[in-house]
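The following account leads through several local features of one structure. Please keep the sequence and the coordinates at hand while reading.

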Amino acid sequence: MSDTHSETTRAVAFVRTQMLPEKAPPATSVGIIGWLRANLFSNALNTVLTIVALAFIFYILSGLIPWMFQSVWNADSLSECREIISEAYGTTHGHACWAVINERWFQLTFGFYPPELVWRPILAFVLLLVALAPVLFSDRFPRQLLVVTAAYPFVMPWLMWGGTIWGPMAAAAGFAIGYFGVRVLSPILGQLAAIIIGVVAALIWWVVLAGPVAGAIGSILPLGITPVESRQFGGFMLSIMIGVVAIGVSLPIGIVLALGRQSNLLIVRALCVGFIEFIRGVPLITLLFVASTLLNIFMPPGTNFDIILRVMIMVTLFAAAYMAEVIRGGLAALPKGQYEGADSLGLNYWQAQRLIIMPQALKISIPGIVSTFIGIFKDTVLVSIIGLLDPLGLSNAIRADAAWNGIYWELFAFIGAMFFIFCFGMSRYSMYLERKLKTSH
């Protein structure tokens, strides 16, 4: 009897018949305190590193914040700015003179663009945002905005340079000729032959016929706006314009080059490999010098090839070569089964690339593509070496003025901050796009 009673006691002692209510986690393991303990003070080494990092940040900010905010915004020269700082703070050391930005912000933004026509680059920038909206955020904006996207490559040059409207319309007509030529000839001659003929027809139109036709129509029906010379372009307007053109055009060219490099056609593969390796083996500054000095030598006498257009072409080709290698890496990362799956569905080469292969390759290549975009946008400052007045070139011109001779940090800080805003925006969009297209869990 005693043994039975003992076993019952042990059962009551060690077997719970009801669940206890959940207890709240310790206050030191959740919230901001929990995050700090887990990430910054998890052990002795992390604690020391955190303290050292905080001390270094405090040291930097203790000098940077007073320099930024204990400053002068209204002055006509650097000497006047220093006098105001000396009267207010007793010393000119450690205080910024933002008056140069306040006085020259228009020049840093628009270069020497006529002030009465500055609405045109502003409108071009607004239209750029409208044109990019349905492409970058296709699920949030109506597809009808793609009309603006298609028209923007022809509207933007007309707004920026002005002149007759028939020039951009003639350029757009070349794409229409090539497109309808391919559509009409594909059932008759085959897709490859139709593409070749369509491209040749468009090139003939652009090189030979577009100019005379636009001039003839313009003489009969003159419609246009005040022309602006390229030498008046400058500032961030010029950098954004070159960057947008290079980014927008280099991606499709890079896709074609990447596909051509993997082509089974020997001539196509050799041309693509030669182009990519040549461009990647030459510094961008060399290509810009070629664009500014040597390119006119190979043009027919009397040809007026705009310097900004030449720079855009060279920067675009440079970006396209690097873009091709990034996309080729995405193509190489796809398993062979994707190609075999496309063949099993009876898709031809272009259908397989458009529907199966290229969407996956571009998704894999997003970080590399955006990194190339950011690098190209930052490299637009190199155009100052060939005489174009980008923000860096304008900073040199501003410092050459006797009134602002000797000022450095304020100009460079402003230019760096503006470039950071654009590049950081592209980086954040890249992260957003990766999250949006993520299919693995």
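Predicted model: local features only at pLDDT ≥ 70, side-chain atom pairs only at ≥ 80, totals over all residues.

Residues are numbered from 1 along each chain as its sequence is written, and side-chain values use heavy atoms, with hydrogens and water left out.

Helix α12 spans residues 284-294, and its buried residues are L284, L287, L288 and A291. Helices here are DSSP runs of H or I with at least four residues, numbered from the N terminus; buried means under 20% relative accessible area, exposed over 50% and partly exposed in between, with a 1.4 Å probe and protein chains only. Viewed down the axis of α12, these buried residues fall within an arc of 100°, so they line one face of the helix. The arc is taken from the directions that run from the helix axis to the C-beta atoms. The cover over these residues includes α11 (266-280), α13 (307-333) and α16, where contact means heavy atoms within 4.5 Å.

A pair of aromatic rings is described by the distance of the centres and the angle of the planes. Rings of Phe, Tyr and Trp (its six-membered ring) pair if their centres lie within 6.5 Å; planes under 30 degrees apart count as stacked, over 60 as edge-to-face and the rest as tilted. The count by this rule is 18 aromatic pairs. One of them joins F377 and F419, a tilted pair with 5.2 Å from centre to centre and 50° between the planes. F377 belongs to helix α16 and F419 to helix α18 (residues 409-437), so this pair links distant parts of the chain, 42 residues apart. Both F377 and F419 are buried. The rings of F377 and F422 have centres 5.6 Å apart and planes at 55°, so this pair is tilted. Since F422 lies in α18, the pair ties together parts 45 residues apart in sequence. F377 has a relative accessible area of 4%, whereas F422 is partly exposed at 26%. F236, F377, F414, F419 and F422 form one aromatic cluster.

Two charged residues remain. The charged end of R280 sits over the ring of Y322, 5.9 Å from its centre; this requires NZ of Lys or CZ of Arg within 6 Å of the ring centre and within 35 degrees of the ring normal. D390 is placed in the loop between α16 (366-379) and α17 (391-400). D390 is buried yet has no salt bridge, and R399, the nearest side chain of opposite charge, is 11 Å away.

Definitions and conventions:
Helix = DSSP H or I, 4+ residues; strand = E, 2+ residues; numbered from the N terminus. Lys, Arg positive; Asp, Glu negative; His and termini not counted. Salt bridge = Lys/Arg side-chain N within 4 Å of Asp/Glu carboxyl O.
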